[in-house]
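Please open the model in your viewer and keep the selection tool handy. We will go from stop to stop, and I will tell you what to pick at each.

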Amino acid sequence: MKLSTMRRHVREGTKNIVRNSWMTVASVGAVTTTLVLVGIFLALMFNLNQLAENIENEAQMKVYVERTAEDQDIQALEKQINEISDISEMEFSSKEDELEGLISDMGESGDQWELFEQFNPLNDAFNIKTYEPEQLAGVANQIEQMDNVEEVNYMKDVVDRLIAFNDIARWIGIIFIGALLLTAIFLISNTIKMTIIARQTEIGIMKLVGAKNSFIRWPFFVEGALMGVLGSIIPIAVVAGGYYYLYNQFADEIPIPFFELLPANPFIWQISGILLGIGVVIGIWGSVMSVRKFLRV
Amino acid sequence: MLLIMIEMKNVYKEYSHGVMAVDGLTVNIDAGEFVYIVGASGAGKSSFIKMMYREELATKGEVLIEGKNVTDMKLKDVPFLRRDIGVIFQDFKLLPRLTAFENVAFALEVIEENPKKINKRVLEVLEMVGLKQKARFLPNQLSGGEQQRVAIARAIVNNPKIVIADEPTGNLDPETSWEIMRIFEEINTRGTTIVMATHSQEIVNKLRKRVIAMENGQIVRDEHRGEYGYEA
Ligand SMILES: Nc1ncnc2c1ncn2[C@@H]1O[C@H](COP(=O)(O)OP(=O)(O)O)[C@@H](O)[C@H]1O
Ligand SMILES: [Mg+2]
């Protein structure tokens, strides 16, 4: 496309936006509202996704072996556990390892525990991971039945609830965002329909004197894309700014296990890019719908 | 050698509800000819003309412009067909917010003509239709005849091979009509083929050209240097 042609399309598209001012305000307002909500949902969903990944990577169970168990009992137990097919990783942790871990977890105050090195009150244990966090419950049940097992611990409630919550949140988010996006697309396409109707005479003359169809369509795509861009400015400010603030205030104080906020950098840039992208896409999508339907060229 | 500019072979145009606007029409128009299409309202003149620049598609038959079949032409070729044909209407169809100059320039801008050439060419045609002095006027500051001259300038600014006019003097008084006809004569003298549908008995009878008379979608008379006819 020639530079002069491109300039003309941008000029005409901008003119359409100004000429149709109150329809444009309505559409841009709808895009703004939509994208603010989309942005909040996306921020939530990305973080929930991260949470799911953390659960998947970190969720493990600890099988405490009876203190009375002999070495051969432990070996027998290990063999038995190994036969469970859902297990992806298994690692033996002797009571000495456990104590060491405990002391280092405690940091400074861990020093007092060093006394116990004389008489270690802890159990030998197996650390076990499953392929999927959902498999933890079943595996735990099986192992609890085995001999020489004192306790199986996997934070049952927390893991189960997080998994369920994550699933529900994801679906509600997808449905809600989908509905909002469709509404915004519809409003944009309606605005562009108005522009097309307002410019009917002009379009007729363009066709008559031999303007190419693409030439006639371009200003409407520009108009749609511009509405998308305008509609994404406030959402980017609100979502990126809000996230940045929340991250700096609360990142270290969230008491949910496995949960950590995605670092503000690069996340706010990513989400800004995504919001701008969604704005442009729904803008162009809305104009394509109208151009197809009303611009018989 | 005469070149056939417009060729229609057994052409039918049926609108929805079974209206047969053009009913088996065969005709040749040579390059450089000046042709009147006459006939009562509803005879099919406009439908006949619209098939030439593919505003309407023939239901059956072939429409050829410079040997190219317009009916089965690819959609993306239609704009290029229209660049070879200038069209003028009874109601001028000017853009009200654009000046005379801008209305004419518009036709070149939208076909992506080199911006440097547009200025010069627009002034040339405005001069030819006698409106160079009023280039900056808006349509509502111009008389009907002047508006029609702007429309003619727009139709010929791209040097089309054919000019089609559908009752171009229908809204004008007789004296103004003659000014318009003089411009058509001049365009024709320069070699452009002209097809003009008209109701004006006076024009057809005084400025003698080929006359194609239509009734009920059919050609009932086709005479060189013909007259309007008897029905008036
Ligand atoms: N778009 C259309 N849809 C249906 N009928 C039409 C349409 N255009 C024209 N006609 C009909 O076709 C016939 C011929 O019309 P037209 O070609 O406009 O004749 P003219 O220009 O000689 O007055 C008329 O009966 C008219 O009502
Ligand atoms: Mg007519």
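Start by selecting A:Glu89, A:Glu91, A:Glu96, A:Asp97, A:Glu100 and A:Glu117, which form a negative surface patch. Such a patch takes residues with over 30% relative accessible area and no salt bridge, joining like charges within 9 Å; a salt bridge is a side-chain nitrogen of Lys or Arg within 4 Å of a carboxyl oxygen of Asp or Glu. Areas are Shrake-Rupley values with a 1.4 Å probe. Strand β2 (87-93) and helix α4 (95-106) of chain A each give two or more residues, and α4(A) gives the most, with three. Helices are DSSP runs of H or I with at least four residues, strands runs of E with at least two.

This is a predicted model, in which local features need pLDDT of at least 70 and side-chain atom pairs 80 or more, while totals for chains, interfaces and linings use all residues. Residues count from 1 along each chain, chains are lettered from A and ligands numbered from 1 as written, and side-chain values use heavy atoms, without hydrogens or water.

Next, go to chain B and color its open four-stranded antiparallel sheet, ordered β2-β1-β4-β5. Here β2 (20-30) and β5 (68-69) are at the edges, because each has a single partner strand. Pairing requires at least two DSSP bridges; β4 (60-65) and β5 of chain B have two. Select B:Leu64 to find B:Asn69 opposite.

Finally, pick B:Arg54, a non-glycine with a positive phi of about 60 degrees. B:Arg54 counts as buried at 14% relative accessible area (buried is under 20%, exposed over 50%, partly exposed in between).

Notes
Patch = residues over 30% accessible without salt bridge, like charges linked within 9 Å, V, L, I, M, F, W, Y side chains within 5 Å. Lys, Arg positive; Asp, Glu negative; His and termini not counted. Charge placed at Lys NZ, Arg CZ, Asp CG, Glu CD. Buried < 20%, exposed > 50% of the residue type's maximum accessible area, 1.4 Å probe, protein only.
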